[in-house]
Structure formats: structure tokens, C-alpha cells
Amino acid sequence: MTDINDVIKTIDELIDGGVLTQYAIAREAGISDGTLSAFRKGKYKGDNDAIAATMLSWYKDWKKRPSLPEPPQFVETPTVRELRAVFQAARLMGCINIIVGVPGVGKTVTASNYCQEQPNTWMITLSPAHSSVTECLLELAEELGIDYTRANKGALSRAIRRRLIGTRGLVIVDEADHLGIDGLEQLRAIQDATSAGMVLIGNPKGLFSGPRSDTNNLARLFSRIARVKQLHEAKKEDVLDIAGAWGISGEEELAAMQAIAEKPGALRVLTHALNQAWIAASGEGTTLTKKHINTAFKEVYTEPDSLLKV
């Protein structure tokens, strides 16, 4: 049986060595920072046996952690590198590039990561609430740090142009398929006037469908598109890179991951499943297995058609 004094000694070493803070340990254990502080000093006036039991439980969980790597936050896959090239080309050439792809292949997460790393890069994500020209401009103005109080479309457009001119920056518009013809034309006009790079991201059935599929309606926009990058499915190489980042190399586990990536939602669903599997494996103190992955997938994945039967 583990002695509570050994637990306190370990906690002291973790804190003194800068590995963890007292606040972090207390939060993980589910007690207050003050309670842990008093308990460590032998001055806690409450139920010491209960705190000792709590800290022993925390200690056992902590001892299991070295058996599993921490979940990766971002994995640079071949698709990520290809999308970064699309962003960089639009910036350097001062042109409009298009990315269309099925959900879950890495479009949004790559765009967000690129924005974090590159200066003068702004990203907005549209939705049905931002489908009008005014709402789109308001989103862009806010991202650019422009005071848009009581501004109309014309004033917003002029302020955005002034902000972008000379920056050699890049504007990324995610879920641009929510925009109508007027909205897409407005973005085209801003890019044309500022020579800032612009990348429009959307899904294959939305961005250029319906009235937007008529080349006469968007002739000026189409004439300014330098490149269209299409993503029809998650690549096997992407799955292998993600597996490597998670420390997964077994054939059965790789096959399970590949099967998940072929489902609607692709890499997004795979990431959800791996996170869930990691939690289960961590609790058991074991490495990730095919069983963990498949069980987690069943918990996180919902067939779209099944929702109609609820």
C-alpha cells in the first residue's frame, strides 16, 4: 500500500521541480489550493483521512500517465502542407484562391493554425447569420480591429479597404458558401482594390452551386481565381501521420483509424474518437488499442440518418 507520506513527498518534488504547480495538482484532485497547501504542511483542520484518500487516488492516476503520450494538439499532415501552400501563394501573389472540400479533412484547423503563425493574416468564419453583405462586412471589420459602430455597407467597405491596403496580408473566409452572389462579389471587390490575398473555403455542394454556378453571375470573381484546391476525402498519408503523432503503429489500430477516416466527418471524427480512446486507455494505464478506438468511435459517431429516427 502506498504511504501518504510518499505521496506528499512526490507532490513536493513535482512542485519544487517546476513540473506541476500546487494549483494544478489541487484542481486535478478536486480540492482547493488552500486545502492542499495546509495538508502538505500538516496543518489541515478538516477530515485528513478523506484528503489523504483523495490524494492517494490522484497519485495512482498520475503514476499511470508516463505510459501514454499526451494527445497531439496539431498534426502537420501532407494535406496541411498543401493547404498552407495555397494560403502562402494567395498572400504572395495578391490573388484569390479557393479551397473546396468535404467536412473533416483539415480545412478549418489548418487555416486557424496558419493565422496563428503568420502576421497580417485574418480569418472569419461565416454562418447563416452572416449570409448578408452587411453581416459579412461586420465580421471582417471586427477581425481587422475596425470600429464599425453604426456603419453602413459603404462605410464598412471603405474602412476595410483602407485597413488592408499595403499590408500584403491574407484574408481567409471559412464557410464562404453561406454567402450569396452579392456577398462573394463584395469580397472580390475588396480584394481587387487592396491586392491583399484572399482564400475562400467552402464545401463542394455549397460554394458554387445554384445561382452561384452560373459563370455569368460571377464572371469577375472567376476571372480572378488563381487556384482551386479540391479535397474529396481524407488521405491515407494524413491518417498515418496522425497515427504517428499519437504513437500508434499497430496494423489493427491503423486499419481501425483508416476505416473511421473514410466515414462522413473524416479526420474530425477520427480525432474525437482518438481523444475518447485516450481517456479510456489512460484510465486503464495501457496503450491505445483497436478495442479502445472502435469503442470510442461508437460513442462519438452518429449516422446522420439515425437522427431522423429519434
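**Entry 1: Asn-113**

I looked up Asn-113 and found it in helix 6; helices here are DSSP runs of H or I with at least four residues, strands are runs of E with at least two, and both are numbered from the N terminus. The model is a predicted one, in which local features need pLDDT of at least 70 and side-chain atom pairs count only at pLDDT 80 or more, whereas totals for chains, interfaces and linings use all residues. Residues are numbered from 1 along each chain as its sequence is written, and side-chain values use heavy atoms, with hydrogens and water left out.

Is Asn-113 buried or exposed? I noted a relative accessible area of 11%, so Asn-113 is buried (buried is under 20%, exposed over 50%, partly exposed in between, with a 1.4 Å probe and protein chains only).

Leaving aside residues up to four places away in sequence, I listed Phe-74 and Arg-84 as the residues that Asn-113 touches (contact means heavy atoms within 4.5 Å). With Arg-84, the Asn-113 side chain also makes a side-chain polar contact of 2.4 Å. I took a polar contact as a pair of N or O atoms within 3.5 Å; within protein, one must be able to donate a hydrogen and the other to accept it, and residues adjacent in sequence count only if both atoms are side-chain atoms.

**Entry 2: Arg-84 and its salt bridge**

I followed Arg-84 next and found its side chain in a salt bridge with Glu-117, at 3.6 Å from N to O (a side-chain nitrogen of Lys or Arg within 4 Å of a carboxyl oxygen of Asp or Glu). This pair links distant parts of the chain, with Arg-84 in helix 5 and Glu-117 in helix 6 (residues 107-117), 33 residues apart. Arg-84 is buried at 17% relative accessible area, while Glu-117 is partly exposed at 47%.

**Entry 3: Other salt bridges**

How many salt bridges does a search of the whole structure find? I recorded 11. One of them joins the side chains of Lys-235 and Glu-82, 2.4 Å from N to O. I placed Lys-235 in the loop between strand 5 (225-231) and helix 11 (236-246), and Glu-82 in helix 5 (residues 78-93), 153 residues apart. Both count as partly exposed, Lys-235 at 26% relative accessibility and Glu-82 at 24%.

I also checked Arg-188 and Asp-192, whose closest N and O atoms are 3.6 Å apart in a salt bridge. Both lie in helix 9 (residues 181-194), four residues apart, about one turn of the helix. Arg-188 counts as buried at 9% relative accessibility, and Asp-192 as partly exposed at 39%. Finally, I noted one network, in which salt bridges that share partners join Glu-76, Arg-81, Arg-84, Glu-117 and Asp-241.
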